[in-house]
Amino acid sequence: MKFNKIATLTTMVLSGMYLTQCTTVQAPMANAQAATNQHQYPATRTHQSKEDRFLTGETGRPENLSSEGRANFSVHSGAKVDDGIDHYFGEKVVDKYRWFEELDHISPEYAKETNEERQRNFIGTRSESDIPNGQMDNRALKSLQKIDENRPVSEITQWVDAQNAGSRGYVNNIPFVDKVRQNVESLYAREHLIRKSPVKAGGELKLFRGEDTNTRMVYIDGNGVEKLLWSEADSKRHLTNGDMYVNESGSHVVLLLSSGYADSDQVKLHVYETATGKEVGRPVIVGRQIDSRGLAVEWLDDDTFFYSDMATNPGTILRRDLNKKRFDDPIEVHWSHINAGITSMGLEGDDKRYMIINIFVGQDAFVIKDLKTGKLYRPYSQKQADKNREYAEHFVLASFVHLDTKTGDLWLISGENDEQHGELIKTNIHNLKQREVVVPVNTAYDQMEEAVYHKEGPGYFLIKYSKDGQNRVILTDAKGNPLKDLTPNAVGEITDLFSYVAGETEIDSKSTDVKSGDESHLSFRFQNPITPRTVYKYSISKGEFIDVRRRDLFPFNHNDYEIKLVKYKSKDGTEIPMSISYKKGTVLNGKNPTLMLAYGGFAVKDTANFSLRNAPWLEHGGVFARPHLRGGAEYGETWHEQGKFQNKLNVFDDFEAAADYLTANGYTSPEYLAIIGGSNGGLLVGASMTLNPEKYRVAFPQVGVLDMLRHDQRFYKGIWDGEYGSAYDNKEMYRYLKSYSPYHNVRAGVCYPSTLVMTSKRDDRVLPFHSYKFAAALQENQSCANPTLLFADEDQGHGARTPAASKEAMTLVTAFGFHEMGIKDVPVVARPTVEELKGEKWLKEEAEAAAKKQAK
């Protein structure tokens, strides 16, 4: 059984609106010439107002939500004078750009209110009882709001809009920007299949992104006639999990939709009838964007499905019956039964009697519910789970592999004997104390991550391991003896392990890579920075791959590039792995435009996946490097610990050492090196460019945490404090945070790299004031002609979430980066055709299928 895992960090905070007057400091105006050395920046106020609107509730949360999840503020806090001056252990810190923290409202609920509603609700927004479940909203006293339909745009919005105009103007004046834009557009101008699912009445359901980048769901009947059921553009709602959930016959489909891209935007569950496209029943609020990892849907039969509720009781599973005229969905699994967040679920057995519920308890785990008896099985040690590790996904607790529903035999990956590496064990749900090690710990790899059982012949396992930040996939027999390494490349990410046994495995909506007539095989998907997702099918009986084909037909020619994995030493001698990608034939002369991306935090394994966003850099002749820094989880808990709290400087040292390696080995030089990272990676870029500005030519801090003294004053305190620490912890922590805080390390008289700070006005995970303050400080203090620009997307969330926003970001990064390195021109990329990407075997299959259809 296949489960999708979506790694998601943290939660959100909404913001408020502030109006005032402005004085000076200067981001390039719209008519600025890209080639000129003098940049005129919009005026920026450098003094603070008297009242901190945050503490009076302007960006606070409604009282019925204020106690949720580590919030360290309340809407009932009284007014407080805020002059932008803070005191830490006897030291005074003046923050003259504090006013950027008084952000505009981003809540769609607020935006929809009328004057009458604001007058009725004395505090300026809906009364708490009127706020839909799961909807966060901003609060402000009536006296702080101007009740006016045509209220003026705030100072911050005016300033950001001027910055955006200047940044766009600068990039639009780059001589080769139209070629970059053309190349980026052509990357997306190809239909992209998300999922197909057969319909028993004839035909199929198809979910895809069209050449116009609009996502659609269509029903194609047996005669090939296409009927539009849902469109992102028409509905003005987007797919939260990027997928559809189809019942057995294909008569109905569930979509999880949201009207916004911020973490706090609501997600609703919608049911559609395939034959008519009509919506069945009312949509249900199931959570928010930030909850996407915990939103799951699983069909029991044609008329009944289960879904997780993250809006009212996170961790609760409800049952919906389509035959009911009025829905009153009963609870199937209450959150108190599992006391954990749900990540996905599936049903096992011919009668779908057993529900496998994947959960998150600090580490990934699962429980099994017998839908017939109601009994719940927990096949892991509760004592081990109760160690209460924050973001401990790098530890192994329990991962489902296979359940024999007739005998109750259960195979799982367990960390009970070695939580760092994990091993495959066998037990029985009727006697969970019975444990047998099938595949023992293999220290040649860093961790056992996933496995699937294959029932052909005597039985086999396909096991995925991690190694140096990459994946390996190993075939073993039923007793765990290794038979063959099936890994396509030493650099890459492997997902979607699947077993297909002809005549036994049902082809349904989950079997995306299986075709009617396929022989028995094991399959997986492989990708890396130069290879879009590719499906590999391996035949046990033939002992070879029987099919290898692209899953994603993006018009990117992977055969033109090569990739390698290297290791280099950081300042303290620690070995760090890094993947390097470039065009075949690239000369290592130190003059290759190079983009280095990293993250290094929150125990996140920074896997080497393919991303369209990095493709233009490679296509224009650049080098793409991805070091796996400490702070992540590539080598377990120790690796994470060495990059958090007062070890955070190790992460920046690792990044600097990666730059030195690339320079020493001829890939690039400081004049041709750009660095990029988002969120915690934005902090990495901001710290690196301020601590070692001479190492880099261009910097792209994206949606970054850039004010480390106040990082926990506008967010869930525990999230940040658990990784970085707080400036109020003690004097040592305050000084340590200040020593690398990007905003506090911008100095007058220093030449910083050419910089494009990127964020979104509606980012409610890392609020955009971090980027605003940092950009303003750079513009005030930059001592050389290198431009320091800001770009804030209008309606995205924590990063670009739509093709349109992604395309603009890709154009800005590629054109700005190459131009600042002195590149004078770029080629127009010749795109491979769909036929070239499919290959002879695929085209032959399509021709045979068309001929059969014609014969009928």
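Because the model is predicted, local features need pLDDT of at least 70 and side-chain atom pairs count only at pLDDT 80 or more, while totals for chains, interfaces and linings use all residues. Residues are numbered from 1 along each chain as its sequence is written, and side-chain values use heavy atoms, with hydrogens and water left out.

**Helices around α15**

Helices (H or I, at least four residues) and strands (E, at least two) are DSSP runs numbered from the N terminus. Helix α3, residues 155-172, packs against helix α15, residues 803-820, at an angle of about 60°, and their axes are 10 Å apart. That angle makes α3 oblique to α15, given that angles under 35 degrees count as roughly parallel, over 145 as roughly antiparallel, 65 to 115 as roughly perpendicular and the rest as oblique. Here axes are lines fitted to C-alpha atoms, for helices over the stretch in contact, and angles run from 0 to 180 degrees between N-to-C directions. The crossing of α3 and α15 is left-handed; a crossing has this name if the near helix is turned anticlockwise from the far one by less than a right angle, and is right-handed if clockwise. On the α3 side R168, Y170 and V171 take part, and they meet E808, L812, A815, F816, H819 and E820 of α15, where contact means heavy atoms within 4.5 Å. Sorted by class, the contact of α3 with α15 has five nonpolar, one polar and three charged residues. In this scheme Ala, Val, Leu, Ile, Met, Phe, Trp, Tyr, Cys and Pro count as nonpolar, Asp, Glu, Lys and Arg as charged, and the others, Gly among them, as polar.

Helix α4, residues 177-188, also packs with α15, at an angle of about 145° and with axes 9 Å apart, and the crossing of α4 and α15 is right-handed. Among the residues that make this contact are V180, V184 and L187 of α4 and M810, T814 and A815 of α15. The contact of α4 with α15 divides into eight nonpolar, three polar and three charged residues.

**The disulfide**

The structure holds one disulfide, a term for a pair of cysteine sulfur atoms within 2.5 Å. This bond joins C751 to C784, with an S to S distance of 2.1 Å. C751 lies in the loop between α13 and β38 and C784 in the loop between α14 and β39, so the pair ties together parts that are 33 residues apart in sequence. The torsion about the S-S bond of C751 and C784 is about 75°, so the disulfide is right-handed.

**Single residues and their exposure**

Buried means under 20% relative accessible area, exposed over 50%, and partly exposed in between (1.4 Å probe, protein chains only).

| Residue | Relative accessible area | Class |
|---|---|---|
| C751 | 37% | partly exposed |
| C784 | 25% | partly exposed |
| K227 | 35% | partly exposed |
| S258 | 1% | buried |
| K236 | 68% | exposed |
| D468 | 8% | buried |

S258 is found in strand β9, and its C-alpha atom is separated by 6.6 Å from that of L239, which is 19 residues away along the chain. K227 is found in strand β6.

Most residues other than glycine have a negative phi. K236, however, has a positive phi of about 60° although it is not a glycine, and K236 lies in the loop between α5 and β7. D468 has a positive phi of about 55° and lies in the loop between β25 and β26.
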